[in-house]
Amino acid sequence: MDGDFNSLSLFATFASGDVKSVENVLSKTKLPYKLITKPFVTTEGNSEIKELYTIDPLNNVIMFTNRVNPFTPALDKDGIISENKKESSPKKSPLPKNSTGKSVGIITSGGDSSGMNAAVRAIVRVALTKGITPYAIYEGYQGMVDGGDKIKALSWEDVGDWLAIGGTEIGTARCQEFRTVEGRLTAVRNLVKSGIDALIICGGDGSLTGADFLRAEWTEFVDRLVKQKRLTEEEAAPYRSQLTIVGLVGSIDNDMAQTDLTIGAMTALQRICEALDSIKSTAMSHQRAFVVEVMGRHCGWLGLMAAIACGADWLFLPELPPPIGDEFIASGDWETEMCDILSKERKLGNRKTIVIVCEGAIDRNLKPIKPEYVKDVLTKRLNFDTRVTCLGHVQRGGVPCAYDRYLATVQGAEAVNAVIETTPTTPSPMIGISNNKVIRVPLKNAVAQTKEVAKAIARKDFKRAMELRDPEFNSSYNAYIESTILADGPGTRKVEESKRLRVGIMHVGAPAGGMNAATRTFVRLCLNRGHTPLGIHNGFSGLIADQVQPIQWQDVNGWVSMGGSELGINRDQPSPTPNPLNAKPQFGNYIDTGLIAFHMQKNNIQALMIIGGFEAYTSLITLTKARELYPGLCIPMILLPATVSNNVPGTDFSLGCDTALNCIVDACDTIKQSASSNRKRVFVVEVQGGNCGYLSVMGALASGASSCYIPEEGITLDTLQKDINHLVKRYAYEESANIPSYGRLILRNETAGNKTYTTDVISTILKEEGKGLFDSRSAVLGHLQQGGIPSPLDRIRATRLTVNCVDWLQEMAFKSIDEHKKSSNLSDIRTPTVFTKGAETATVIGICGADIKITPILDLLAETNLNKRKGTNEWWLGLKDLTKTLAKYEYETEEERAALEKVLGDRKQATGKNKL
Ligand SMILES: Nc1ncnc2c1ncn2[C@@H]1O[C@H](COP(=O)(O)OP(=O)(O)OP(=O)(O)O)[C@@H](O)[C@H]1O
Ligand SMILES: O=P(O)(O)OC[C@H]1O[C@](O)(CO)[C@@H](O)[C@@H]1O
Ligand SMILES: [Mg+2]
């Protein structure tokens, strides 16, 4: 077919990754067609743009192309834009009053991830507060290449309510053109033309690799653009030195090095766990096997964490291909290894089989392992009734979980700080998180280390690939294996008989998400090592009522995803010795400590793990101090903090507080929707936490509340007056500017303001003071916060911390056994004797900054407020200020001031006094 197809007007254009196949099909028909190819220079080498034209039976011209965006201009052989497209310059917005004259461009790029909007919201609002004009660059790098109206300034209100929206409101793309030198040259021109001084790029490893190219090429590209006369000397001069680039890691894959978590990974994990929990119930009913494929590209984080959080029976990772057991490695026969393990599980009474296959899973010869093949193996070899479920893009969508909102918000705010502090000589930073600390690392190093994983896998160095993932990856994998496979053959971790222990476990306090997951891991690890796990039901009162029983492997099947406390829980605790006359604990009852010691000895409990909140903490203090009186208590004891209140000293996070936060965020989203629909309504939402404001502060940050009240600060008339002033300003401005008013929230901790400023009282005051500008209602979330299905983060934390607890209990007990052996001069002791009363053998395990720490409980007394039942290290307090910043407490435009003055004037006239 001849003719100039470029001059024909097209009826339709189809994007196709495989134009060649389309041509093959056409060649077998009588339809005319013509293939045009154009060179396309990419950073990974030369490639081609293909355009295949044909005419359909109705005489319409149709084109198939492999361009990612079929509507972007084609390139000529030098990679230069060849179509007659005019390079447009974006429009600049007027500068705000507090402007420093600086501007920052914001991009979301690569696969969308939940939390990207929260990041953009935080960047926009913190930037405006600090006098920097934020610009959205729409549709990822494509918008940077296209320029024009793809680059627009964002206002405060533009990002209202974005916190709760999944995906990315400013769009994203996989942009081929940006991989080319010409694409990036055009992008540089557009950035200079729009006067952008700095860029914050939120995307995955690919996007940040692109950002790193841009950083390295910037100065040279500006020069080149001047030479090509696409920029004038004057335009280029202010931007010659290095462009400030800050990377924010947004991707569900969690595949970026040097950060523990990427924005969106936790929400994706939540989606996966919701699906797996549902699949589990149908699988159990039919005794079926399910092979579930999860996303993650070449990273196994999502698969591994989902396997831990849902108790999957087998797992295929990209970093560590099967087989995993020494006896199968030589033959590479992973099929037999898997079938042996899964059939053993069924014989133990497991009614279902869940196998997770990561999308990048491979065998030891780097051949992909696909779910359909795994299904065939299970069907043919084990006769399992097997189904395949591919979760697909469901994993990437939906409302962000509390953790992603928190992570994106604090990292977004930190990205703006980094923009302000970065100079042309500082390396471009990437904002990461190392356990609980927001960190900055050089982008270049993080990109380089990320690439190392792929290289290690390619050269089959799987050990290295595992090491290069985040520091917890390896230990999490070991925890998964040990809590999944009952090992009794070669290679088991069973300890010698003379060291096998009877280890007790109990829950004390109130239910919290993750308690059952921790107990399951405890039981399985103990069994795998030859110890006897003893379940102490119903806390200390259960112990003295002889409710102590060994737990078996299958007993805890399914516990990982169960809320509440399967062992039973209450707030009863040992009475301090000497017993203060008529003393009563604030909650629960005192039980005689001597009786507790007697029952510990009667059951021959040689090590103890307590899971619980502040009563569990004070209980352990009492038991530790009573060791002088009672030998039955002279054993290693460890507390794993679990309470929604997050008030136990020795840890930044207790189990259950993430589940509670998710519950608060879900409830607040719903309440806010009602508040917004009713217009101009402020809800005062009461949350739990006892005397600790953690849930209130974090809940406010994650739900986008205007303010929060906490017991640490109390509530005064002055506090209320300031918040009323703020609300009056906001609603006054929105009315005058004709902006639809969103509903607003104030979170109040249940004890803040004592019995005076109760939730209802505050709501009534707001209603009165709103005077028609706004109304108010209240909502008390109550015990909803303690229940429900534990969040994946709580399940993972439970598993990870419990492994450390069991290791520690074992180590301490062994030390004591060895000392006893030595001192009694006996070499052949069958029954181990544990006797230890050193302060270092009664401890609290916790997540502290970047580490897991085990601290002697008596050392923690210095940071404990026993009266207020909480610790004194409240790392989260500062986040209250960030909540207020993001609610516009520190930013005001001329228009807002004018609107406020008008309202004040009106109010003065109406009431005869100025209310503000
Ligand atoms: N090597 C590279 N050189 C230049 N640009 C790149 C490079 N790699 C990726 N990019 C740009 O970043 C965009 C996004 O990259 P990619 O598709 O790998 O997703 P990502 O950022 O890794 O996110 P995710 O993996 O979560 O989807 C690409 O479409 C391209 O525009
Ligand atoms: O949405 P797309 O472009 O099909 O890409 C899917 C890929 O994107 C991710 O969701 C994020 O990188 C991967 O897990 C998956 O492989
Ligand atoms: Mg990626």
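Q: What makes up the span of residues 104-419 in this predicted model, and how far apart are its end C-alpha atoms?
A: Residues 104-419 are 45% helix and 15% strand, and the end C-alpha atoms lie 8 Å apart. UniProt, in an unreviewed entry, lists residues 104-419 together with 502-809 for "domain: Phosphofructokinase".

Q: Which helix gives the largest share of the shell around ligand 1?
A: That is helix H5, residues 205-227, with six residues. In total, 21 residues surround ligand 1, and they divide into four nonpolar, ten polar and seven charged.

Q: What makes Arg297 a polar contact of ligand 2?
A: A polar side-chain atom of Arg297 lies 3.4 Å from an oxygen atom of ligand 2. The limit is 3.5 Å, so this pair qualifies too. For Asp253 the distance to a ligand 2 oxygen is 2.6 Å, and for Arg174 it is 2.8 Å. The protein buries 76% of the 390 Å² that ligand 2 exposes when taken alone.

Q: How do you know that ligand 2 sits in the largest pocket?
A: The test is that more than half of a molecule's atoms lie within 2 Å of the pocket's grid points. Ligand 2 sits in the largest pocket, and ligand 1 sits in the largest pocket.

Terms used
Residues are numbered from 1 along each chain as its sequence is written. Chains are lettered from A and ligands numbered from 1 in the order in which they are written. This is a predicted model: local features need pLDDT of at least 70, side-chain atom pairs count only at pLDDT 80 or more; totals for chains, interfaces and linings use all residues. Side-chain values use heavy atoms; hydrogens and water are left out. UniProt positions are given in the numbering used here, feature names are shortened, and annotations may be inferred rather than shown by experiment. Helices (H or I, at least four residues) and strands (E, at least two) are DSSP runs, numbered from the N terminus. A polar contact is a pair of N or O atoms within 3.5 Å; within protein, one must be able to donate a hydrogen and the other to accept it, and residues adjacent in sequence count only if both atoms are side-chain atoms. Accessible areas come from the Shrake-Rupley method with a 1.4 Å probe; for residues, only the protein chains shown count as cover. On a 1 Å grid over the protein atoms alone, a cavity is a set of points where a 1.4 Å probe fits but cannot get out, and a pocket is an open set with protein on both sides within 12 Å along at least five of seven lines; lining residues have an atom within 4 Å of a point. A residue is near a molecule or strand if one of its heavy atoms lies within 4 Å of it. Ala, Val, Leu, Ile, Met, Phe, Trp, Tyr, Cys and Pro count as nonpolar, Asp, Glu, Lys and Arg as charged, and the others, Gly among them, as polar.
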